[in-house]
Amino acid sequence: MTVQVTFRRADDRDLDVLVRLHDDAARWMLRSRIDQWRPGTRGPGHFAARIAEGEVWLALYEGREAGAYELWWEDASVWGTQPPVAGYVHRLMTDRAVAPAGTGRVLLAHAEERMAAAGRGLARLDCEEGDSRLRTYYEGAGYAVTGRLEKVAADGRAYTVALMEKALG
């Protein structure tokens with residue numbers, strides 16, 4: 001069964017929804033022992049900046065917000081300065097109370113379609129290296145680990161991310 005969601009670009013009227021989706025996903029990560037996101041670390045200002053500078057997409061299921069993701073066209077802080085060959089998925093998040101199973105993959109596919117339509121041949125993302133479930137999830141969607149990076153969160157916590165990439169088309 002294919003998950004039937006519709007997409008629309010987020011705008012400044014969606015800031016509270018985006019913060020809620022992020023914080024709910026962060027709480028789920030903490031309960032699941034995934035030490036990457038923290039509630040309260042991405043407020044309205046973060047999402048307003050991402051909407052102004054790039055693309056933020058909302059997925060709707062039966063008229064309700066089921067998930068969202070950020071699509072960046074460059075990510076020098078993680079991937080270094082790169083030619084314009086890739087798009088970067090950030091903050092892929094679903095509302096577990098609304099989203100049917102498979103919504104995360106539909107979000108990824110939508111992002112990949114946007115990248116390919118823009119002439120980008122690669123989709124990139126990063127995720128907590130120590131979480132084998134999350135890496136396995138992305139590997140199951142066709143992503144491969146191409147490197148690793150030590151990061152420091154806003155709260156000073158150090159962690160390592162796996163840099164993952166998928167060829168498009």
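Which residue in E4 does Ala68 stand opposite? Please describe the strand and its surroundings for a reader new to the structure.

Modeller: Ala68 stands opposite Met93 in E4. This is a predicted model, in which local features need pLDDT of at least 70, side-chain atom pairs count only at pLDDT 80 or more, and totals for chains, interfaces and linings use all residues. Residues are numbered from 1 along each chain as its sequence is written, and side-chain values use heavy atoms, with hydrogens and water left out.

Strand E4 comprises residues 86-94, and nine of its nine residues are buried (under 20% relative accessible area, with exposed over 50% and partly exposed in between; 1.4 Å probe, protein chains only). Strands (E, at least two residues) and helices (H or I, at least four residues) are DSSP runs, numbered from the N terminus.

E4 has two partners to consider here. Strand E3 (residues 64-72) runs antiparallel to E4, joined to it by five bridges; strands count as paired if DSSP finds at least two bridges between them. With strand E5 (residues 122-128), E4 pairs in the parallel sense over three bridges, and Gly87 stands opposite Ala123 in E5. Between E4 and E5 the chain passes through helix H4 (residues 103-117), forming a right-handed β-α-β crossover. Right-handed means that, with the strands pointing away from the viewer, the path from the first strand over the helix to the second runs clockwise.
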